[in-house]
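User: Hi! Could you walk me through this one?
Analyst: Happy to, here it is.
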Amino acid sequence: QVQLVESGGGLVQAGGSLRLSCAASGRIFSINAMGWYRQAPGKQRELVAVITSSGSTNYVDSAKGRFTISRDNAKNTVYLQMNSLNPEDAAVYYCNADIWAVVGGRDHYWGQGTQVTVSS
């Protein structure tokens with residue numbers, strides 16, 4: 001009943017920017033932390049950035065100073081603004097959220113993933 005839908009991926013040249021969005025829908029009581037992960041071919045999925053319900057943020061070292069995570073609690077949406085992209089940022093980006101659902105209680109939910117491709 002709870003669903004995360006991502007958007008905003010695509011192809012960008014090195015040095016360019018993209019903004020990812022992830023909207024949670026369904027019978028939601030509350031949302032705790034929301035985050036973005038990425039997985040490149042042949043690599044493990046890694047946490048890129050996370051934001052708590054109060055707005056505290058944390059980033060993987062490679063994203064610090066270039067990426068900004070934010071959220072709109074009224075819209076149950078989390079964003080990832082990515083600047084100064086380089087080919088090492090290319091991956092499938094996944095949204096994750098810690099959600100209290102009206103039915104089923106608390107669980108972690110994943111989006112379907114959105115591809116980010118960076119050309120050199």
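User: Thanks! Which residues have the most contacts inside the largest nonpolar core?
Analyst: Trp36, Phe67, Leu80, Met82, Tyr93 and Ile99 have the most contacts inside that core, which has 32 residues. A nonpolar core here is a set of buried Ala, Val, Leu, Ile, Met, Phe, Trp, Tyr and Cys residues joined through side-chain atoms within 4.5 Å. Buried means under 20% relative accessible area, exposed over 50%, and partly exposed in between (1.4 Å probe, protein chains only).
User: Which element gives the most to this core?
Analyst: That would be β9, with 6 residues. Strands are DSSP runs (E, at least two residues), numbered from the N terminus.
User: Before I go on, what kind of model is this?
Analyst: This is a predicted model: local features need pLDDT of at least 70, side-chain atom pairs count only at pLDDT 80 or more, and totals for chains, interfaces and linings use all residues. Residues are numbered from 1 along each chain as its sequence is written, and side-chain values use heavy atoms, with hydrogens and water left out.
User: Good. How many aromatic pairs are there?
Analyst: The structure holds 2. Tyrosine 94 is in strand β9 (residues 91-101) and tryptophan 110 in strand β10 (residues 105-110), 16 residues apart. Rings of Phe, Tyr and Trp (its six-membered ring) pair if their centres lie within 6.5 Å; planes under 30 degrees apart count as stacked, over 60 as edge-to-face and the rest as tilted.
User: Is tyrosine 94 buried or exposed?
Analyst: Tyrosine 94 is buried, at 16% relative accessible area, whereas tryptophan 110 is partly exposed, at 39%. Ring pairs also bring in Tyr37, which joins Tyr94 and Trp110 in a cluster.
User: And what lies over the face of tyrosine 94?
Analyst: Arginine 45, at 3.8 Å from the ring centre. The charged end of arginine 45 also sits over the ring of tryptophan 110, 4.7 Å from its centre. For that, CZ of Arg or NZ of Lys must be within 6 Å of the ring centre and within 35 degrees of the ring normal.
User: Switching topic: how do β7 and β8 pair?
Analyst: They pair in the antiparallel sense over 6 bridges; strands pair if DSSP finds at least two bridges between them. The two form a hairpin with 4 residues between them, and asparagine 76 in the turn has a positive phi of about 50°.
User: Which residues make up the covered face of β7?
Analyst: Phe67, Ile69 and Arg71, while Thr68, Ser70 and Asp72 form the uncovered one.
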